[in-house]
Amino acid sequence: LAVCILAGTCMVPSKVRAEKDLTSDFVDRTYKILLDEEPDPESYGFWYLNLKDRNTTATGMVEMLTDIEAFKAKGYSSEQTVSLITQVMTGKEPDDSTVKTYAAYLDKGVSVRKYINDVSKVPEFTSMCTQYDIEPGEVTDLEPRDRDPELAAFVGEIFTELYGRAPVAK
């Protein structure tokens with residue numbers, strides 16, 4: 001029992017029991033799309049319990065996974081990042097206009113959190129979260145550069161002209 005409590009996974013269903021558990025499916029699916037891997041047992045337990053208990057949201061999970069080193073190490077282009085986030089949050093590929101617009105924003109210094117927040121407001125995402133029985137959520141603390149992506153893109157263009165490189169979003 002002590003090992004179980006320390007591991008924090010006593011209440012996490014086994015993969016066999018979780019086959020019909022949609023929250024489990026969301027955790028596995030999100031890892032597979034964003035990181036191209038299955039979550040390790042500790043990560044699986046963390047996300048499963050927090051989504052199931054509504055301590056975090058689907059948006060929060062996507063936001064956090066796109067901010068970890070494993071995601072950044074993939075070296076995805078801005079276009080790939082927009083596509084992967086759209087797939088996770090809506091279950092479909094983004095249209096060309098969306099990819100072009102948001103990839104340009106990302107390239108000019110707007111954070112990926114802005115795109116995650118915008119996708120969190122589309123009906124397809126809300127519907128998907130209802131199917132998975134998880135809270136959709138949204139990003140509530142956007143940085144100033146994310147509140148006006150057109151202005152951020154303009155500043156990014158000036159930065160590029162002055163310094164000869166694209167701004168790096170942190």
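## Ground rules

Since this is a prediction, local features need pLDDT of at least 70 and side-chain atom pairs count only at pLDDT 80 or more, while totals for chains, interfaces and linings use all residues. Residues are numbered from 1 along each chain as its sequence is written, and side-chain values use heavy atoms, with hydrogens and water left out.

## The whole chain

Let's start with the big picture. The protein chain has eleven helices and zero strands; helices (H or I, at least four residues) and strands (E, at least two) are DSSP runs, numbered from the N terminus. Of its 170 residues, 42% count as buried, where buried means under 20% relative accessible area with a 1.4 Å probe, protein chains only.

Now for contacts, meaning heavy atoms within 4.5 Å. Among contacts between residues at least 6 apart in sequence, 68% join residues at least 24 apart.

## Helix α8, mostly covered

Take a look at α8 (112–119). Seven of its eight residues are buried: Arg113, Lys114, Tyr115, Ile116, Asn117, Asp118 and Val119. These buried residues pack against α4 (58–65), α6, α7, α9, α10 (144–147) and α11 (149–163).

## How α6 meets α9

The axes of α6 and α9 (residues 123–132) come within 8 Å and cross at roughly 50°. That makes the pair oblique, the label for whatever is left once under 35 degrees counts as roughly parallel, over 145 as roughly antiparallel and 65 to 115 as roughly perpendicular. Axes here are lines fitted to C-alpha atoms, for helices over the stretch in contact, with angles from 0 to 180 degrees between N-to-C directions.

On the α6 side, Val88, Met89 and Thr90 meet Glu124, Phe125 and Met128 of α9. By class, that contact has four nonpolar residues, one polar and one charged. (Ala, Val, Leu, Ile, Met, Phe, Trp, Tyr, Cys and Pro count as nonpolar, Asp, Glu, Lys and Arg as charged, and the others, Gly among them, as polar.)

## The second largest pocket

A pocket is an open set of points on a 1 Å grid where a 1.4 Å probe fits, with protein on both sides within 12 Å along at least five of seven lines; lining residues have an atom within 4 Å of a point. The second largest pocket has a volume of about 180 Å³, counted as the space filled by probe spheres set on the points. It has 13 lining residues, and the closest to its centre are Thr86, Thr90, Thr98, Tyr115 and Val122.

Helices α6 (78–90), α7 (96–107) and α8 each give two or more residues to this lining, and α8 has the largest share, with three.

How values were computed:
Buried means under 20% relative accessible area, exposed over 50%, partly exposed in between (1.4 Å probe, protein chains only).
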